[in-house]
Every structure is written in structure tokens, then in C-alpha cells.
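Student: I would like to go through this model and ask what stands behind each label.
Tutor: Go ahead.

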Amino acid sequence: MYPDIKHIKAILLKENYISDADSRAAEAVARDSAGYIDYLIREELLTKSLLGQALAEAYQLPFADLGQIPPSKESAEKISEETARKNRVAFARANDTVVAIASDAPEKVDLQVLAPLFKGKKIRLAYTLPEYIEASFSLYEKPLATRFSQIVEAGHRVAPEIVDEIVKDALVYHASDIHLEPQEEGVIVRFRVDGVLREAGRAPREYYENILNRIKVASGMRIDEHLLAQDGALHFMSGAARADLRISLVPTVEGEKVVMRVLGSYVQSYTLADLGLSEVHRMQFETAAHKPFGMILTTGPTGSGKTTSLYALLKLLSRPDINITTIEDPVEYKMPGINQIQVRAHADMTFANGLRAIVRQDPDIILVGEIRDQETAEISVNAALTGHLLLSTFHANDAATAIPRLIDMGIEPFLLASTLELIIAQRLVRKICTHCRTVVSLDEALSAVPIGAAAARQYFSKADTVYTGKGCATCSGTGYQGRTALYELMNVTPAMQELITKNPTARQIATLARKEGDTSMFDDGVDKVKQGVTTITEMVRVVEPPEKDHGA
């Protein structure tokens, strides 16, 4: 556990990690030290690494950043789970010295109890954050299926305990979605990690009815409804594991399938610096965002990080003298200092109706969760014309396609030309695991590309260094850990405005954008491959070369 707010505050202020004003702002919204720290990190006033260093300095211990270099399964096997949990320690080995890594003050760690486990070895103490110690205990966890069997054998609260184990595992692996898929022989549990689904375990079918009822009751759904789709939400808390879950339930021929969108702190903590923007793209992004009015659109398919990008932008723009209001379906990220409205169709609070109300609330910046129809598009354009900065998402394959689609929805070309400032297209790719990243030859990298290798080859030369992940315990053998975005940013320049008034095709828009120096998502992907951020295989999985290069 963290020290109380008083001690945390004293430590951070003494070494000037934060200002007194920052501390007062955090205290105003925090009920405990965890809330105090969450505020400072969320507002980018502090990082976890700096927090760990500050506490380690106060304890006169070295800081072990287990968030960057987690302990290995081999080191965990040197001691029992009971010993690790009881003493809240993890271990690392450096030659003849054993490093005991704890999240408590030194006087609370009894090294004498640990000494018999490492006879003949020196034991040094290091400090790490409590959540990193908690995460290290996952190294002792048995597979989900095994834990399900143990829960059933114990026979206490089977359904609640199974749900708890599933969600806690999802948080450990930083899953963005949890799928519960009923089949004749059992219930398949799958996690979407870094954009890719993988099976996590199988739950017994005979308890699925109780599991469903547990989820329905907790998320505010009807337990007597089995033939209609339902949506709900719940706040999950179990020990140190906390997350907001958005629940979707649909009937299938085998039963009701559940998908839980996980909105854990690791999902909500993105800032503009974390998005993977190049320096040129970041400057374009910030320049457009600081204009007093106009429209910024992010485009891409569901799950491509559009809303995350816009919320990172809101973090940059949020100030006490700015009125920011959003209307979303659903509100995924809760941000202090921002007025957030949830779409409620049954109460006639649609995007269009909500947007009409917002413009009467003296806003400076408006975020519309998605432009779905002509009515919302028209009100959005009018809001951008009348002195507001409007941010929204829009479903289009790339930046150039967004303009003809909006015109097809009934928006006058001259109005679009007057309001659009920036169109962003993006896709998410997995990042190579930094713990097992290794250099490979270009031919070897291209041989792993199932489709598009020939088109991709022209963007690389033998002199380029490319990488892959071998697979290790840190990345669960996948070779990837975390995700970043590939971007295309299209500025609406005077020449682009003139073209828009002529009702152009997407090809004409893309051609002009390239002439004016805008790069494609594929070009951004090539740069990230050469930087060692992702692989050619992963890049080609989500984006294609610009149309002029197809078949090369």
C-alpha cells in the first residue's frame, strides 16, 4: 500500500517533484493516497517512474522499475507464492547478490525471514510501486481452466468467483475486451490483447446461467430477458484490481454471448505524447487543436483508437478558462473538468438533440462521439462555423474518403471547405516487445508477410535495419507488447478548400494531399518499422500501400 496522502505529499514536495499548487489540486479531488496519485498521473503532473524514484529516495533505496522490466517466471519459482504474497516481495538476481524488491518502507520488510531461502547469498533491498508487486503475483497464477475447477470443487460462490478470476486476468494481461462465448461443450473465454484475440480458458457450461445472471444484475440488465440484445456497465473492484466495464450481451444459437470492454487505468492514461505521433504529425495535431474554431475529424474502423486520440487532445486543451462539453455513446473515459453527456435514445437524448443543447451551453470546445447521420453532421458543421472547435469521429477508410462521404450525407461542399481544419486517419499496430526484440534480415522479415510482400519491398532497401520479437515471458511468447498508431494527417489548406468546393472524388483529394506533402498511413508504418517499433508483418496486416503503388 502507498503511504497516506500526508506522507506522499511531503515526499513529493520536498524534492520538487510537484508544485504546491499541483498538490492542492490533487487533494481537492482525492479521498486517499491512491486517488491523489491517480490525479497527478492523469493530469501529467507526475509519471509512475518519477513517483517510484521519489519514494525510493525517501526510503534511501534503489528504485526497481518493474513496470519496464518485470520479474521473470524463473525468479518467481525460487520462492513460494505464499512467501511472496505474505512479505509482498519479488526477486531478481545479480551474480552472487539477490535483490529483494518490496513496496513497503525498509523497516516493514523482514530480510531475516528471507535469508534462509538464499543461503550464502547477499540480499539487497530495492523499492518498487505496490501495483508492480501485485502484478508480479500473476507469475504464480495457474491457468484459468485450473482455477475454474478449483472454484467448482470448493463450491462456495462459484459464479461470482469465476467472473472475478476472468476480469482480474484480463487486467493483468492488459486486455481491451473479454469475450464469453457459449458452446455446446463449454464456455470459451477469450481476451483481446494488443488488438488480437486469444483463448484464455474454458468455463464449465453448467454454471453459465449463473455467470450470466451475475453479470446482468451487476450491470443493470434484465435477467429474465434472453432473446434481445442488452447493454450495461459495471465498476469492478477486487483487491488492487479496478476497472470500469462496458457490457454487451447478444443472443446466439448456443446461448447469450457476453463481450466486456475493459476501461482500466492502462486504457485511460494515454496522453498526446503516448500516441505514436511523429514530430511532424504532433505539430500538425497541436496547431489545428489550438485554432479557435473549426472541425477536427478522426477516421477509421471501430477499435482503431479514434476516441483515445481525441481524448489525448482534450487533455492538452483542458484548462480552467475553457468550457469543454462532450456527447458520447457511451462515455468511455471520465475526465475531471469536462462536461460529459451520455446518449440515451429512450429519453430522446440523441447525438443531434444533445448537440443542439450543447451549443446553448456556451461551449468553447465540443466533442461529438461519432457523426452517424445527416442531422448530426449538419449541426456539427454549423457549430464549427459559429465559433466553436468541434472534435468528432467518423467512419471512413482514410482521410481522403471522409470528404466525399460527408458530401454524400448532404453537407454542402462550401460549408465543409469553410469548417474542416484537419482529418486524421489511423490504425493500431502491435509494438515489438522490447525485451526480446532482435534484428532480422529484410528477406526473412518479408518471408513472414502472407500478402503484400512485393508491394512492401519497394519501401525498404538492404541497408535498412528491421526487427522482430522472438517471444519471451514478458510478452507471453507473442513477440509483441503494447500498441501504437499509424497516422495519416490531412491538413485542409487553401488549395484543398478550393478543391472541396468542386465536389471532388477521394482519389483527387488524395492526389492533392500527397502533392502538398501529406504522407499515408503506410508511409508512417514504414517509418515505424525502420525505427524498430513494429514489424513489416504487423504493418501490412492493418494498412495497404497507397493506391498508385498497388501491384508493384
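**Labels and their grounds**

Student: Why is D177 called buried?
Tutor: The model is a predicted one, and in it D177 has a relative accessibility of 7%. Buried means under 20%, so D177 counts as buried. The residue is found in strand β4, residues 177–183.

Student: What makes the pairing of the D177 and R261 side chains a polar contact?
Tutor: The distance between the two side chains is 2.7 Å. The cut-off is 3.5 Å between N or O atoms, one able to donate a hydrogen and the other to accept it, so the D177–R261 pair qualifies.

Student: Which residues does D177 touch beyond four places in sequence?
Tutor: They are R190, F191, R192, V259, M260, R261 and V262. R190 in turn stands opposite E199 in β6.

Student: How do you know that β5 and β6 pair?
Tutor: Two strands pair if there are at least two bridges between them. Strand β5 (residues 186–193) and strand β6 (residues 196–203) have seven, in the antiparallel sense, so they pair. Their hairpin has two residues between the strands, and D194 there takes a positive phi near 55°.

Student: What is the strand order of the six-stranded sheet?
Tutor: This open sheet runs β6-β5-β4-β9-β8-β7, with antiparallel pairing. β6 and β7 (230–238) are the edge strands, each pairing on one side only. From one strand to the next the twist averages 25°.

Student: What makes β7 and β8 a pair?
Tutor: β7 and strand β8 (residues 241–252) share nine bridges in the antiparallel sense, and at least two are needed, so they pair. Within this pairing, G232 stands opposite I247 in β8.

Student: Which helices lie on that sheet?
Tutor: Helix α10 (residues 158–172) packs on the sheet and touches β4, β5, β7, β8 and β9 (255–263), its direction making about 80° with that of β7. α9 lies across β5 and β6, at about 25° to β6.

Student: Why is Y140 called buried, given its 17% relative accessibility?
Tutor: Under 20% is buried, and 17% is under that limit, so Y140 counts as buried. Y140 lies in the loop between α8 (130–136) and α9 (144–154). Beyond four places in sequence, Y140 is in contact with A76, I79, S80, E81 and A84.

Student: What makes β12 and β18 edge strands in the seven-stranded sheet?
Tutor: The order of that open sheet is β12-β11-β13-β14-β10-β15-β18, with mixed pairing. β12 (339–342) and β18 (480–491) each have a single partner strand, so one side of each is left without a neighbour in the sheet. Neighbouring strands here are turned by 20° against each other on average, direction ignored.

Student: In which sense do β10 and β15 pair?
Tutor: Strand β10 (residues 294–299) and strand β15 (residues 420–432) pair in the parallel sense over five bridges. M295 stands opposite L420 in β15. Helix α17 (residues 399–408) packs on this sheet, touching β10, β14 (389–394), β15 and β18, and its direction makes about 135° with that of β15.

Student: Is T298 buried or exposed?
Tutor: T298, found in strand β10, has 0% relative accessibility and therefore counts as buried. Its contacts beyond four places in sequence are K306, L310, S392, T393, F394, I424 and Q426.

Student: How many residues are in the largest nonpolar core?
Tutor: That core has 59 residues, and those with the most contacts inside it are I403, L416, F460, M496, I536 and M539. The largest share, six residues, comes from α17. Apart from this core lies another of 46 residues, among them L12, L51, Y59 and I79.

Student: How many disulfides does the structure have?
Tutor: A search of the whole structure finds zero. C433 is buried at 0% relative accessible area, and C436 is buried at 5%.

Key:
Residues numbered from 1 in each chain as written. Predicted model: local features only at pLDDT ≥ 70, side-chain atom pairs only at ≥ 80, totals over all residues. Heavy atoms only, no water. Helix = DSSP H or I, 4+ residues; strand = E, 2+ residues; numbered from the N terminus. Buried < 20%, exposed > 50% of the residue type's maximum accessible area, 1.4 Å probe, protein only. Contact = heavy atoms within 4.5 Å. Axes fitted to C-alpha atoms, helices over the stretch in contact; angles between N-to-C directions. Core = buried A, V, L, I, M, F, W, Y, C linked by side-chain atoms within 4.5 Å. Disulfide = S-S within 2.5 Å.
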